[in-house]
Amino acid sequence: MPDKRRRRRASQAAFKPRRSHRKSRNGCAECRRRHIRCDKNHPVCFNCNTGDRACVYPAGAAPENPSEEAAEVNGHTEKSPPSQSRSPCQQIPIRTPPETDLHLPSEADVFSATDLLVFHHAHTVMEQVGLGRKGSFHRVLALGMRHRIRAPYLLDQLLALASLHLAFDVERSPETQSSPLYAEMTPESLRHHATARQTRAVASFNSLLSAPADLDMDAARFLFAGVLSLQSLAETLGVLRATDGFRFGDFMDRMVACLNLHRGVRATTGRAMRDFLPQSADLSPIMEVLNAVEDVDWSTKPRGHECQSLIDLLGTSDLGDASLDVCRGAAHSLQWSFDMCRSLSVQDGPHAVSAFAVTAPPGYVEALRRCVPEALIILAYYGVLLHRCREYWIFGDAGARMIRAIADHVGTYWQDAMRWPLQQTGQS
């Protein structure tokens, strides 16, 4: 008798109809990629929420009946009234930040293992070298974290600059090379990662330009533009160290683009920097160096003479009036930067270098683009300023290399004008 019961049960099990499988046609991309059932909860499904993954739905996908999906995910086929059933995502309280990031593309808030290592490097190594004065980089990094939702481009750009610095360390520091933490990283892969993060930062910045601005966003935009221009300068000066053939024209094209980018710092907020810098609680401790310099009454301070021979040269130039005016303006701006450099500590010298890049007249940049000899001579004097700040990791020997490249390009006709820059860098 027991055998008959077992045979009857086996026969019933063999012919038991299988529950039909409902495909998640409107499931999120991540669940479909992983070939798992999606509860289709919007904006974040249960699987992505518990796995901390980016949850993205196909365009036009609408939320389906959450009650039915919840029953199927939990292994039941009966349908419950909407008022009595919740999806798993509704059962788990989700803390939503006050600033929603749903406007961001799916990958804009995703960070890789490389990002984590770069962030560790930024937090542990770059405090004293990242942006000059000790602590400045950490303050900006903290702002990048705080504004990660509304201004994600700032954190991405800081990671891009930190990637460049780590590439520099891996290339030149035996301690970093031997560290197991960075064992699989190469300078080339880190520079590639810096470019990728910068590209994502710029795309995010452009997509959010129309967003309402306030003091916090003005500060984030200003800092983003400054760090972006600093990375651009680092990459431009890196061309001078190229081992596969240096081309002067390519370097000048990049230098012109770099100076235009620096000048764009003024336009990032849509209003004059003096209108919001003093009001920004975020920027006041970071910009205290520049504020102190701007408060100096230069009429009572002795002016330097670094650019005097340059100004005398322009007095005998046969340039047209328009070009001559912008070159004179650039020479006076450069002298102001030299004076500023002397008033700062060694670690704050890079601010003087950036000051000239930001204040150089637009017409001067155009003269550089045309490789006007007088404009190139001014750039050689700028190389002396870079050389005086060579302890900063971005500059190094770039000033001396730039002066040498300009001297070779302009030739012997301008050797008298090039004598002082060459002497200052020990190349005469």
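Which residues does Ser 204 touch, not counting residues up to four places away in sequence? Pro 152 and Tyr 153, where contact means heavy atoms within 4.5 Å.

Before going on, the ground rules. This is a predicted model, in which local features need pLDDT of at least 70 and side-chain atom pairs count only at pLDDT 80 or more, while totals for chains, interfaces and linings use all residues. Numbering starts from 1 along each chain as its sequence is written, and side-chain values use heavy atoms, with hydrogens and water left out.

First, the overall picture. The protein has 21 helices and 0 strands; helices (H or I, at least four residues) and strands (E, at least two) are DSSP runs, numbered from the N terminus. Of its 428 residues, 45% count as buried. Buried means under 20% relative accessible area, exposed means over 50%, and partly exposed is in between, with a 1.4 Å probe and protein chains only. Among contacts between residues at least 6 apart in sequence, 67% join residues at least 24 apart.

Back to Ser 204. Its place is in helix H10, residues 187-207, and it counts as buried because its relative accessibility is 8%. Tyr 153 and Tyr 382 touch the most other members of the largest nonpolar core, which has 99 residues. A nonpolar core here is a set of buried Ala, Val, Leu, Ile, Met, Phe, Trp, Tyr and Cys residues joined through side-chain atoms within 4.5 Å. A second, separate core has 7 residues, among them Cys 28, Cys 45, Cys 48 and Tyr 57.

Next, a helix pair. Two packed helices are described by the angle between their axes and the distance between the axes. Helix H16 (residues 321-343) and helix H19 (residues 373-388) pack at about 5°, with axes 10 Å apart. The axes are lines fitted to C-alpha atoms, for helices over the stretch in contact, and angles run from 0 to 180 degrees between N-to-C directions. H16 and H19 are therefore roughly parallel; that label covers angles under 35 degrees, with over 145 roughly antiparallel, 65 to 115 roughly perpendicular and the rest oblique. On the H16 side the contact includes Leu 334, Ser 337 and Phe 338, and on the H19 side Tyr 381, Tyr 382 and Leu 385.

Ser 337 of H16 is buried, with a relative accessible area of 0%. Not counting residues up to four places away, Ser 337 touches Ala 352, Ala 355, Phe 356 and Leu 385.

Now the cysteines. How many disulfides does the count come to? The count comes to 0, a disulfide being a pair of cysteine sulfur atoms within 2.5 Å. The sulfur of Cys 31 has its closest cysteine sulfur in Cys 28, at 3.5 Å, so it is too far for a bond. Cys 31 is buried, at 1% relative accessible area.

Last, backbone angles. Most residues other than glycine have a negative phi. Lys 40, in the loop between helix H2 (29-34) and helix H3 (46-51), has a positive phi near 60°. Lys 40 counts as buried at 3% relative accessibility. Cys 371, in the loop between helix H18 (362-369) and H19, has a positive phi of about 55°. At 24% relative accessibility, Cys 371 counts as partly exposed.
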